[in-house]
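Here are my notes for your first look at this one. Keep the structure open beside you and check each point as you go.

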Amino acid sequence: MPPFAFDIDYYQVFKNGQHVCGDTFMTARGADGRIIAVLSDGLGSGVKANILSTMTAKMALKFVDANWDVKKYCEVISSVLPICKERGLNYSTFTILDLSPEGQVRIFEQGNPSFLFIRNGRLIEPDARRVSEEYHNLPISTTTLDLMREDRIIFFSDGISQAGTGTAEYPNGWGRSGAADLALKVIGRNPQVSSLKICETIIREARIKDGPINPKDDVTCAAVYLRTPRRVMVLSGPPFNKNLDGKYAKELAAFDGQKVICGGTTAKIVARELGLEVRPDLNSSSRFGPPTSLLDGIDLVTEGVLTLSQVLLALQSHKAPQSESGAYKLYYTLLENDYIDIVAGTRINDAYQDPNFPNQFVLRRSVLEGIAKVLREKYFKEVNVKLV
């Protein structure tokens, strides 16, 4: 296992009254293993801003992957984007991160608030930041950093820094410094907090700063966390050969990482083979889906295919399931780990022999493979799927 993993995630909320976001966050993996992330903020809000930011992000991903000069692709982006009639401008601001597998990062910024670089619980203002060019009267800054484990980079649109503008407490906005202070407090309380959680916390606070009608602008926060790799194993479905039940259960028990079971039959097999008892989780509600259960030594026990299907949809849309449901807990468990082992049993569940029901193994396998695919492609997780 490599010495570190990239935890890359984001969170965003549309401007109050809008149905689309004027900010866009996109990621892609380059042919040489690099990870490229772009946060673009389209001029204004609503559909026009969404078009501007989406086109900017898509082009930036391709140009950075091709190692184009930053000023050159700014010129191309500017020549392609439609012009805003009100302001006569045709661009969106951006922050671009180009991460190598070895931990070096190049950061390009134009117009967005400057990124936060946090190391050892302290905000560092990198000496490497330099203004290389200007385009449309906005400087293009370039920064190169060699990252270490536990380093964090947090970047956001101006909906964060300008939150609260015009209020008595923040007449000029919350500011980059306000977001930085909060980030440092969150990390101080929980040094291993995930990128998603820290982004959610910053945006939640920005909305509070904006007052009761919020947010007053699109707000997007993204983060990169270079962390010690975390592992989770997910068991779902009974193994094809009943004689393998004991090996199946012991493999999970011996796993060095978080342990998850998805499916009532699977939980019963593991409990029987390990001499344990599956108990109802009295703190779990069935309001938003099947409740979770408890099994000693196992971090999470959920229902099977229905819960997995909810998680697949949530991962594809990047919208968490309803709070405290089994799907919600599984969603965050997957995102907060880097190496994910999925073990799928191939036995037809005796509870589903009715011909009116779809083949549960085929359905389960399809959902699990969908989860593995989106985790690899969208969240850059290392996922191994094994059929037993």
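The points below go from the whole chain down to single residues.

1. Overall make-up. Before anything else, remember that this is a predicted model. The protein chain contains 10 helices and 18 strands, so expect to be turning it around for a while to follow them, given how these elements are assigned as DSSP runs.

2. Size. How does the radius of gyration fit with a compact globule? For 388 residues, such a globule would come out near 21 Å, and the protein chain has 23 Å, which agrees.

3. Of the 388 residues in the protein chain, 52% are buried. The accessible surface comes to about 18000 Å², and carbon and sulfur atoms account for 51% of that.

4. Contacts along the chain. Take the contacts in the protein chain with a separation of 6 or more: 69% of them are between residues 24 or more positions apart.

5. Charges. There are 46 positive and 45 negative charges in the protein chain, and their mean positions are 3 Å apart.

6. Helix H8. H8 has 13 residues (305–317), and at 1.5 Å a residue it should span 18 Å; the end C-alpha atoms are 18 Å apart, which agrees. Which residues of H8 are buried? They are Val305, Thr307, Leu308, Val311, Leu312, Ala314 and Leu315. Just after H8 comes His318, with a positive phi of about 55 degrees.

7. Gly30. Look for this glycine in the loop between strand E2 (23–29) and strand E3 (35–42). Is Gly30 buried or exposed? Its relative accessible area is 7%, so Gly30 is buried, the cut-off being under 20%. For a sense of distance, pick Asp281 as well: it sits 251 residues from Gly30 along the chain, and the two C-alpha atoms are separated by 43 Å.

8. Asp41. This residue is in strand E3. Asp41 has 9% relative accessibility and therefore counts as buried. What is Asp41 in contact with, once neighbours within four places in sequence are left aside? The list is Gly22, Asp23, Ser53, Ser92, Thr93, Asn112, Ser157 and Asp158.

9. Pro215 belongs to the loop between helix H5 (195–210) and strand E11 (219–227).

10. Two positive phi values in loops. Glu324 is not a glycine, yet its phi is positive, about 70 degrees. You'll find Glu324 in the loop between H8 and helix H9 (326–335), and at 45% relative accessibility it counts as partly exposed. Phe380 is not a glycine either, and it has a positive phi of about 60 degrees. The loop holding Phe380 runs between helix H10 (360–379) and strand E18 (382–387). At 9% relative accessibility, Phe380 counts as buried.

Key. Residues numbered from 1 in each chain as written. Predicted model: local features only at pLDDT ≥ 70, side-chain atom pairs only at ≥ 80, totals over all residues. Heavy atoms only, no water. Helix = DSSP H or I, 4+ residues; strand = E, 2+ residues; numbered from the N terminus. Expected span 1.5 Å × (residues − 1). Buried < 20%, exposed > 50% of the residue type's maximum accessible area, 1.4 Å probe, protein only. Rg over C-alpha atoms; globule rule 2.2 N^0.38 Å. Contact = heavy atoms within 4.5 Å. Areas by Shrake-Rupley, 256 points an atom, 1.4 Å probe, with all protein chains shown as cover. Lys, Arg positive; Asp, Glu negative; His and termini not counted. Charge placed at Lys NZ, Arg CZ, Asp CG, Glu CD.
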